[in-house]
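Please keep the sequence and the structure at hand while reading.

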Amino acid sequence: MASSEEDGTVEEKETNNKKRTKSALATAWLTFYNIAMTAGWMVLAMAMMRFYIQKGTHKGLYRSIARTLKFFQTVALVEVGHCAIGIVRTSVIVTGVQVCSRIFMVWFVTNSIRPIQNEESVILFLVVWTMTEITRYSYYTFNLLNHLPYFIKWARYNLFIVLYPVGVVGELLTIYAALPFVRRSGMYSTRLPNIYNVSFDYYYCLIIVMLSYIPLFPQLYFHMLRQRRRVLHGEVIVEKDD
Ligand SMILES: CCCCCCCCCCCCC/C=C/C(=O)SCCNC(=O)CCNC(=O)[C@H](O)C(C)(C)COP(=O)(O)OP(=O)(O)OC[C@H]1O[C@@H](n2cnc3c(N)ncnc32)[C@H](O)[C@@H]1OP(=O)(O)O
């Protein structure tokens with residue numbers, strides 16, 4: 001009896017030690033990740049400002065920052081992994097939609113369709129993304145270090161009220177501007193007849209993506225409003241599981 005109780009205690013201690021090591025490792029990784037991402041988006045912000053000050057135009061700005069943008073936005077895919085393995089308390093679906101829509105905008109719209117790279121709408125969503133990400137990653141970093149200045153917390157849970165819709169407008173206008181080129185060039189499309197007997201039209205795919213903002217964006221926006229109430233006003237929010 002005594003020995004089984006002792007065994008239980010040893011097992012409990014081992015489990016607790018494992019949990020502590022796991023959570024220390026997770027915290028160390030997340031701190032490193034968030035610092036690197038804050039730095040990355042700050043580099044992007046500075047590169048955009050320098051370009052605009054030197055050239056006096058937004059034309060060519062996208063190409064000048066494309067590599068850095070593609071790198072840091074693509075790396076954000078690991079955030080879906082963070083949710084999946086449970087080291088951050090966020091929904092895989094919410095994070096997945098957010099990250100995938102950004103990656104789609106970068107790789108399959110802005111980067112692949114050169115004629116739209118100088119559109120003002122591209123600059124609009126780039127500026128908005130940059131402001132959002134600098135605030136978001138600095139919030140996570142300071143929060144993990146338990147030294148969170150109130151203005152960063154305030155910015156994280158207030159700026160999105162304006163930035164989120166403005167970013168979405170920039171993204172939608174960019175896709176809209178891409179439509180005529182995609183229709184003319186037939187890019188990423190296959191027409192029948194072909195050996196696979198499959199037809200795909202990227203033009204209609206882009207229209208479907210634009211339409212999918214109607215049901216998806218409000219969900220992300222209301223999710224953030226709930227997070228805002230929870231963090232700034234201490235409300236207890238019960239969210240449905242994934
Ligand atoms: C394949 C094609 C698909 C196309 C589909 C198209 C449809 C798309 C429709 C939608 C379009 C959206 C487009 C996006 C546009 C823009 O981004 S515009 C710019 C403005 N954007 C924003 O302001 C949105 C910002 N986005 C987010 O904040 C996130 O992406 C989020 C997932 C929505 C955030 O949600 P969540 O993580 O739940 O909120 P938080 O409060 O930040 O975090 C919750 C808890 O998790 C902790 N945490 C999360 N990440 C980290 C981390 N990296 N490090 C450490 N901790 C983290 C966080 O601290 C919280 O913890 P607790 O306080 O303990 O709860």
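In this predicted model, a polar side-chain atom of Arg102 lies 2.9 Å from an oxygen atom of the ligand, a polar contact being a pair of N or O atoms within 3.5 Å (within protein, one atom must be able to donate a hydrogen and the other to accept it, and residues adjacent in sequence count only if both atoms are side-chain atoms). Such contacts are also made by two further residues, and the table gives the distance for each.

| Residue | Atom of the residue | Distance to an oxygen atom of the ligand |
|---|---|---|
| Arg102 | polar side-chain atom | 2.9 Å |
| Gln227 | polar side-chain atom | 2.9 Å |
| His223 | N or O atom in the side chain | 2.7 Å |

Of the 1400 Å² of accessible area that the ligand has on its own, the protein covers 88%; accessible areas come from the Shrake-Rupley method with a 1.4 Å probe, and for residues only the protein chains shown count as cover. The shell around the ligand receives two or more residues from each of α1, α4 (92–110), α5 (120–144), α7 (159–185) and α8 (202–233), where helices (H or I, at least four residues) and strands (E, at least two) are DSSP runs numbered from the N terminus. Helix α8 gives the largest share of this shell, eight residues. In total, 33 residues surround the ligand, and the closest are Asn34, Tyr140, Arg156, Tyr157 and His223; a residue is counted as near a molecule or strand if one of its heavy atoms lies within 4 Å of it.

The basis of these values should be kept in mind: residues are numbered from 1 along each chain as its sequence is written, and side-chain values use heavy atoms, with hydrogens and water left out. Because the model is predicted, local features need pLDDT of at least 70 and side-chain atom pairs count only at pLDDT 80 or more, whereas totals for chains, interfaces and linings use all residues.

Arg102 also takes part in charge pairing within the protein. It forms a salt bridge with Glu133, the closest N and O atoms being 3.2 Å apart, a salt bridge being a side-chain nitrogen of Lys or Arg within 4 Å of a carboxyl oxygen of Asp or Glu. This pair links distant parts of the chain, with Glu133 in helix α5 and Arg102 in helix α4, 31 residues apart, and both residues are buried, a word used here for under 20% relative accessible area, with exposed meaning over 50% and partly exposed the range in between (1.4 Å probe, protein chains only). Glu133 is joined to Arg136 as well, through a salt bridge with an N to O distance of 2.8 Å; Arg136 and Glu133 both lie in helix α5, three residues apart, about one turn of the helix, and both are buried. A network of salt bridges links Glu79, Arg102, Glu133 and Arg136.

By the same rule, the count comes to four salt bridges. One of them joins the side chains of Arg191 and Asp201 at 3.1 Å, N to O. Both residues lie in the loop between α7 and α8, so the pair ties together parts that are ten residues apart in sequence. Asp201 is partly exposed, with a relative accessible area of 22%.

Residues 26–48 are 100% helix and 0% strand, with end C-alpha atoms 33 Å apart.
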